[in-house]
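Here's a quick briefing to read with the model open beside you. Take it topic by topic and find each piece as you go.

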Amino acid sequence: METDNSKVKIGVFIAQNGNEFTSAIGTSAKERGEELGYDVSLFDGKSDQNTQIEQIECCIMQDYSAMIIEPVSYSGLNSVFLDALNAGITVVTINQTCEIQEQLTSFVGTDREDASYWEAKTALEAIGGTGKVCILRGQAGTSGEVECSDGFERALAEYPDVEVLESQSADWHTDAALEITETWLQKYVHIDAILAQDDPMALGAIQACIGAGRQDIVITGHNGDSAALAAIQNGQMLLTGKSDPEGMGRIAAEVADCAARGESVDPEYKTSTAIITADNVINFLD
């Protein structure tokens, strides 16, 4: 291992860099890595498994010392992860895990299932523990979508009088969520709540509800994006959850640094999630 960290490269791979939350993770990891003296490159996987595989393979060929990766797929990256490990590269996953996580260096993220449970439970309480809900899920096949869905299901199991009308994947994107919600609003006369697994999807649902004049529907998200905080403040959204993306990025860079230098690291590092509602949103506004 070279002692001059300025010549050592770290790659930061974000599943899709199109929203405020994941952008904050990537930017924070890059900035902290540079503070530690590394040459840090940031890659956008564009929600595409093949794109992310090609990016990782390229960095293996270029002798990167460490990789911080938000996996696009839970199981589709196993082979390239093993290639990186076999090349002596530190592999730290961030925000989302993978199928062979126990073989990798470490994971930095939050307890998405528990956060989703409390977000859904708060929403179901807000509609009186009875009614009809729809669910906007993230990209199928990612650990984030699975864990959020598990949290929602755990909360729903406690409210047998709540009916799930539909559950669809909008791939974490606003436009897809807008289109799906518009279809729901035409199809169903009565919807009490829409549970979205991230803020961009929640904001798409809000746009659809405003367009249809259906602003009585309770909407939740997750990420703590600035637009979501404004929506909460304006009464358009019940809540979001903020899992400290900046903290994730910083910790991941520090873990990658320690592991690349041969120091022992823990298998996982968790950040906490704050549930943000109208009662405390002022504390999170810039």
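Let's start with a sheet: six strands make an open one, in the order β2-β1-β3-β4-β5-β11, with parallel pairing. Strands here are DSSP runs of E with at least two residues, helices are runs of H or I with at least four, and both are numbered from the N terminus. Two strands count as paired if DSSP finds at least two bridges between them. Keep in mind that this is a predicted model, where local features need pLDDT of at least 70, side-chain atom pairs count only at pLDDT 80 or more, and totals for chains, interfaces and linings use all residues. Residues are numbered from 1 along each chain as its sequence is written, and side-chain values use heavy atoms, with hydrogens and water left out.

- Strand β1 (residues 9-14) runs parallel to β2, and six bridges join the two. Ile14 sits opposite Asp44 of β2.
- Helix α9 (residues 245-260) lies across β3 (66-69), β4 (90-94), β5 (106-110) and β11, at about 165 degrees to β4. Contact here means heavy atoms within 4.5 Å.

**A closer look at β4**

- Is β4 enclosed or open? Five of its five residues are buried, so β4 is largely enclosed by the rest of the structure. Buried means under 20% relative accessible area, exposed means over 50%, and partly exposed is in between (1.4 Å probe, protein chains only).
- Thr90, Val92 and Ile94 point one way from β4, while Val91 and Thr93 point the other way.
- With β3, β4 pairs in the parallel sense over four bridges, and Met67 has Val91 as its bridge partner in β4.
- With β5, β4 pairs in the parallel sense over three bridges, and there Val92 has Ser106 as its partner.
- β3, helix α3 (residues 78-86) and β4 form a right-handed β-α-β unit.

**The four-stranded sheet**

- Four strands form another open sheet with parallel pairing, in the order β7-β6-β8-β9.
- Which strands are at the edges? They are β7 (162-169) and β9 (218-220), each pairing on one side only.
- From one strand to the next, the twist averages 15 degrees.
- Three bridges hold the parallel pairing of β8 (residues 193-196) with β9, and Ala193 has Val218 as its bridge partner in β9.
- Helix α4 (residues 112-126) packs on this sheet and touches β6 (131-137), β7, β8 and β9, with its direction at about 170 degrees to that of β9.
- Helix α5 (residues 143-156) packs on the sheet too, touching β6, β7 and β8, and its direction makes about 170 degrees with that of β6.

**Aromatic pairs**

- How many aromatic pairs does a search of the whole structure find? It finds two. Rings of Phe, Tyr and Trp (its six-membered ring) pair if their centres lie within 6.5 Å; planes under 30 degrees apart are stacked, over 60 edge-to-face, and the rest tilted.
- Phe13 and Phe43 have ring centres 4.8 Å apart and planes at 10 degrees, so this pair is stacked. Phe13 is in strand β1 and Phe43 in strand β2, 30 residues apart.
- Tyr117 and Trp118 pair edge-to-face, at 5.0 Å centre to centre and 75 degrees between the planes. Tyr117 is buried at 8% relative accessible area, whereas Trp118 is partly exposed at 41%.

**Cysteines**

- You'll find zero disulfides here; a disulfide is a pair of cysteine sulfur atoms within 2.5 Å.
- For Cys58, the nearest cysteine sulfur is that of Cys59, 5.5 Å away. Cys58 is partly exposed, at 37% relative accessibility.
- Cys134 is buried, at 0% relative accessibility.

Key. Axes are lines fitted to C-alpha atoms, for helices over the stretch in contact, and angles run from 0 to 180 degrees between N-to-C directions. A crossover is right-handed if, with the strands pointing away from the viewer, the path from the first strand over the helix to the second runs clockwise.
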